[in-house]
There are 2 protein chains.
Amino acid sequence: MNNAVWIWYPGDFEIYHGMKQNFRREERGLGWPAFWKMDDWRKNLRFFRKYELAKPEVFTVHGCGVGHVQVNGQKYPLEKKITLPAGKHLIEVFIGNMTGLPSIYVESRLAQVKNLNDTETASIHSDATWGVDDFLEAVPVGTSSLYTRREQDPGEVEYEEIRVQPQSVVEKDGGTLIDFGQMVDGSPFLTLTDQCTFTIIYGESEDEALDPVYCYYKEENATVGTELRKRAFRYIYLPEIKPTEVQAYAVHQRVPLKRRASFSCGDDVINKIWEVSARTYALCSGLFFIDGIKRDRWIWSGDAYQSMMINPYLYFDKEIDKRTSRALRGNTEIRQHINTIVDYTMLWLISIQNEYMMDGDIAYVREMYPKMEAVMDLLFSQTDEHGLVRGRERDWIYIDWADIDKDGPISAEQVLLWKCCKVMAHCAELLAEEGMSEVGASGELHINQDIAILHGIQSTPVLGPDGRPLPADHVAPLDAPLLEEMRARLRDDATYYGEKADALRQAILDYYWDEEKGALIDSFTSGKRNVTRHANIFAVLFDFANAAQKEQIRKNVFYNEKVPQITTPYFKFFELDALGEMGDLDAIWETLHSYWGGMLERGAVTFWELFDPRQEGREQYGMYGDPFGKSLCHAWGASPIYLLGKYFLGVRPTSPGYKTYEVKPALQYWDKLDCKVPVGDKTVHIELNDGTLKISED
Amino acid sequence: MNNAVWIWYPGDFEIYHGMKQNFRREERGLGWPAFWKMDDWRKNLRFFRKYELAKPEVFTVHGCGVGHVQVNGQKYPLEKKITLPAGKHLIEVFIGNMTGLPSIYVESRLAQVKNLNDTETASIHSDATWGVDDFLEAVPVGTSSLYTRREQDPGEVEYEEIRVQPQSVVEKDGGTLIDFGQMVDGSPFLTLTDQCTFTIIYGESEDEALDPVYCYYKEENATVGTELRKRAFRYIYLPEIKPTEVQAYAVHQRVPLKRRASFSCGDDVINKIWEVSARTYALCSGLFFIDGIKRDRWIWSGDAYQSMMINPYLYFDKEIDKRTSRALRGNTEIRQHINTIVDYTMLWLISIQNEYMMDGDIAYVREMYPKMEAVMDLLFSQTDEHGLVRGRERDWIYIDWADIDKDGPISAEQVLLWKCCKVMAHCAELLAEEGMSEVGASGELHINQDIAILHGIQSTPVLGPDGRPLPADHVAPLDAPLLEEMRARLRDDATYYGEKADALRQAILDYYWDEEKGALIDSFTSGKRNVTRHANIFAVLFDFANAAQKEQIRKNVFYNEKVPQITTPYFKFFELDALGEMGDLDAIWETLHSYWGGMLERGAVTFWELFDPRQEGREQYGMYGDPFGKSLCHAWGASPIYLLGKYFLGVRPTSPGYKTYEVKPALQYWDKLDCKVPVGDKTVHIELNDGTLKISED
């Protein structure tokens, strides 16, 4: 047997499923596809691979789509056993698919097996060493560890299903209210004593389930056989049905992701916060990081940025980050900002460096680099005479729901742009130094089909689905002059972006650093010299500010009560992260108890999109002018996982891919610890007992 | 009632169905999607229209896809009756569809109808006056006269079905051979006395139906209930089934197109040639012009170019030309030549002018102009220091299956490029003069969404599905300065392309016109001075050669037996057309009888891809090294329709859209005529009886 996997055009799996995800929003009986440009997956592909067989082999191609196999120019149908003699062969597979994801799975066996104990394996199988083209450039294929079996269809998500029993079933206003005691993203299954049609009202809260008008989801005229679509709920309410007339359970559906961290300390509130955060995070992590399970169910770049920060402290799952990034970014050409938001495009770019710090995967940086370059071209195309980025007519300059003075170009966007230049310079250097050594790629970092076939070049490290390198017999180095040319080009890129960063830093300080206020102001064009926390938080977080400036920001902004408080958990994440970076853990510790502890006191089983302790009763579920507009299971609510892991357990990488990392628990907060945090493929175990700290790795 | 039609993103209907068409090829049990880059239709759209209602109206939006309606920012589900008071309203419809064509149908009625005889109609309905965007530029929607009913799905083709009875059913080699006496593109329906599984072998010829190995289509293990896919055949053979055991009929499926010409003369062979041509053409004309019904079933630009020439002499159907052109060209960006063939891209561009001569539709020229410009940019990007176009690495320089000396840039491609420059100059002038007067468009000839909403601008003439102008109350002129700027830009374009054409003409004469040979040579780089007919035919056909040069070409090429004969019907079309343009009708007349008459003598019920009178028996069905590789129903076989109509009946437009036209029958060939030829919306009737010619229009 050989480690075959499903293969497709790289990035298209994510574009395809990302679109499905972004089309799945539902609100009071209407569908709500996301309001931005959606890139398309390719429909017509040619897969190819050269093999040199030592012995005859028999292989079969399974395909999602219409098409055929060609071996050395001879055509065969899909699904047919094809026998090849020893020697060199070019296998090509042509696949078209308009409604699903065009993809193939190739498997083989030796033509003559002498006995069943024969351990020799055949070599023909679909994996990352194949190439693909859409009849334009050839590139290495895309794969996923989730799609390794022939009987799968990469166009469909395979969910793991978990049966959930009701926690309580009570009569309410003549109907039945069922509380599953936890958030479910799936469907209820009902058995009724009477054959009748009925209504199901869903609720994240009891109030929502009891409100037939303002609830988000409602199924009317249901029967026992009705196939209910996947929805998020904790409660369901069945009007006019008595508890004795119904039996119910729910089936929760999830994409399997493995929790690799655990947390236990002497503070039960903190333990509960960690656990509820982990559950919240799990619910908002499927094929992609989404914002919330009831609403919007969309892939938002700013939210995903934060989910990617949390990821190493819970799953350390390398694939979900990449799936999410690819889905957000789409194809190389970019004309509209990600989710239409300028700052979200920049956070997307910055996240590529974060991902690299997490797993050290240079091949991924190489894959993304042309898409990052296209982003920079777009951003630079909208800078003014000072090099400051401005929004175009239909761009959304978001930053946060806050009273930011958005006159002219605003400072928070410039700090992000500066950080993007730094990231680009870093990635270009990385690729020039190490990224090109193992592979061949054309000047556009795409391999050319003819070069690829002639030289057997590929531009991803040849890893099997198990992550181990496959035999490298089909990898040949690019010829030295071309490789050197590419390196030189990347070094030029690094210089270019470095200079851009320096010039921009000076412009930011010239235009936005207000000496009198000792802080960055929002806008220099309005004359208002308004200070908000946002740009200053980014300045600390991305190390834009020097040590003296950080001190001023701390005093004049962070601990200045005249500067309006951050109100959204989205930006609260950045603020607490900045405080953490500055070592101000007390402020974080206090917020953990008041904000997240406050939600627990309200009986939260997952963390909310927003929590305002002044709101009570039904009022606490409203948002955006909608009585149940607030999502009660929102990914950014899970940030305690990150804050606790990074600042209070003190685990962080000190080189890419956690080749080196540090563990510096903030011992003043703990009397007892029994925690595990993943560090690459290994896990660090932190134990504190009776004043003795034990740190071990396994 | 109001004339609602289905609306979609312009061009996407054609991209979607064109891809379906190009994925439909089948060969001996395998699928064969076309081997070129396929552009994608958009999946996520916003439709919009402003209305000012005199009275309250109730409207409903039907959608293919998921989504919702927004009226003045308020959301409603699809399929819901929405009542609006009198006054101004902005209606927006958001639709996402991953597997079909995102499209909507909007209909309304007055909210209060006083009595049933009330003739007032409501105004809200989907038609060409709506706008659409993919969250980038807004453009006027696309429509089709084929999709006017609410219950339709624009993602599905509605075929007209025609039942065909067998012409003969005979026993052959222990099985049953059924001859339907005509080509069918559809499915056989069988009733068997025994319930059993059986095999169906299809054939365009009897030989093919009797060859279970080399036949193109075969259905094995069929049962009476098996749903058979649409295939082309005249014969079916059922092995091991006796004629007494089976009853059969076939259902032919066609897209309704109306034959508007008729032909009757005193020469029965010519009458038969015309009729069989018309049948052949009908079979190869569906949503699009395809090459053949058995093979390839693809939309080829060179073949379509010729089908478009034939169209005014049989259907005068304006929509099939445009559908085909849009499908061939895809989206505006172009990186690969159409069907990968450089000359096919150029023929595509030239066909836009032909289409304009046929129907005078300036809006269509305006729609295509940005796509034509992108083509020119691509072509110019591959010209050398002399301005001559060369193929890139993966480009196909086709011209014809012939021994053309293809060293360096070749002359036939240059003549096409010259013609393209002339067409561009003409179209730019046209648009500058008349094309912009009625409409508003941005500098890129796309309307901008904001401008559109604010000013109610649209860039197509406001026609209802019946072709009549709709009330123009939502059309406002662009402000004068912008309009003038656009006109100036188009005049610049015209000058630019005119100068390009002149320079290229000089280069072609300098490099390819061989004074000694009195003809264009294929290549100037090889030193062989090889002359083929191809470039010289184009030089005559596109009026590149002046009168003296044409005379030389006639003598030195056309009637020079040392210059190899054209062997393909594809290029034979161009050659006969060139002869016709030069008035050499005898040569055409002779070819009609020998070539097309020759096929009739072989019992052809449709005209073939190729006919070689030297081939007999089974051999005559082979092509491309395949025993049944030849298509026996091929669109370019229908060219007699064009040749007879244009040169022998002498009907041709003398101004765009047949506003003026001429009828000059070549009377020396006729003793009797009773023919009708469409001329725009009217028809010209040509009658010749007893030496009296009568020409009338109705």
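This is a predicted model: local features need pLDDT of at least 70, side-chain atom pairs count only at pLDDT 80 or more; totals for chains, interfaces and linings use all residues.
1. Let's start with one residue pair in chain B. B:Val58 stands opposite B:Thr83, a residue of β7(B).

2. In chain B, three strands form an open sheet in the order β7-β4-β9, and the pairing is antiparallel. Which strands stand at the edges? They are β7 (82-84) and β9 (103-110) of chain B; each has a single partner strand, so one side of each is left without a neighbour in the sheet. On average, neighbouring strands here are turned by 30° against each other, direction ignored.

3. A second open sheet to visit is in chain A. It has 3 strands in the order β23-β24-β25, again with antiparallel pairing. The edge strands of this sheet are β23 (673-679) and β25 (692-697) of chain A, and each of them pairs on one side only. Neighbouring strands are turned by 15° against each other on average, with direction ignored.

4. How is the chain A sheet joined up? Between β23(A) and β24(A), the latter spanning residues 682-689, there are 7 bridges, and the two strands run antiparallel.

5. How many residues lie between β24(A) and β25(A) in their hairpin? There are 2 residues between the strands, and A:Asp690 in the turn has a positive phi of about 50°.

6. On the α4(B) side, the contact includes B:Ser301, B:Tyr305, B:Met308 and B:Met309, while α6(B) brings residues including B:Tyr344, B:Leu347, B:Trp348 and B:Ile350. By class, the residues of the contact of α4(B) with α6(B) divide into 7 nonpolar, 4 polar and 1 charged.

7. The axes of α4(B) and α5(B) come within 11 Å and cross at roughly 165°. Are these two helices roughly parallel or roughly antiparallel? With that crossing angle, α4(B) and α5(B) are roughly antiparallel to each other, and α4(B) passes α5(B) in a left-handed crossing. The contact is made by B:Ser301, B:Ala304 and B:Met308 of α4(B) together with B:Asp321, B:Thr324, B:Ser325 and B:Leu328 of α5(B). This contact has 3 nonpolar, 3 polar and 1 charged residues.

8. Over in chain A, look at helix α5 (residues 318-329) and helix α7 (residues 362-381). They pack at an angle of about 25°, with their axes 12 Å apart; α5(A) and α7(A) are therefore roughly parallel to each other. Their crossing is left-handed. Residues in the contact include A:Asp321, A:Lys322, A:Arg326 and A:Arg329 in α5(A), and A:Glu367, A:Met368 and A:Lys371 in α7(A). The residues of this contact divide into 4 nonpolar, 1 polar and 6 charged.

9. Finally, how do the two chains relate? Chain A can be laid on chain B with an RMSD of 0.0 Å, by a turn of 180° and a shift of 0.0 Å along the axis. That is the relation of a two-fold axis. To find this axis in chain A, look for A:Thr99: its C-alpha is the nearest to the axis, 2.3 Å from it. As for the interface, 100% of the interface residues of chain A are also interface residues in chain B, so the copies meet through the same surface.

How values were computed:
Residues are numbered from 1 along each chain as its sequence is written. Chains are lettered from A and ligands numbered from 1 in the order in which they are written. Side-chain values use heavy atoms; hydrogens and water are left out. Copies are superposed by least squares on the C-alpha atoms of residues with pLDDT of at least 70 in both. Contact means heavy atoms within 4.5 Å. Two strands pair if DSSP finds at least two bridges between them. Helices (H or I, at least four residues) and strands (E, at least two) are DSSP runs, numbered from the N terminus. Axes are lines fitted to C-alpha atoms, for helices over the stretch in contact, and angles run from 0 to 180 degrees between N-to-C directions. Ala, Val, Leu, Ile, Met, Phe, Trp, Tyr, Cys and Pro count as nonpolar, Asp, Glu, Lys and Arg as charged, and the others, Gly among them, as polar. Angles under 35 degrees count as roughly parallel, over 145 as roughly antiparallel, 65 to 115 as roughly perpendicular and the rest as oblique. A crossing is left-handed if the near helix is turned anticlockwise from the far one by less than a right angle, and right-handed if clockwise.
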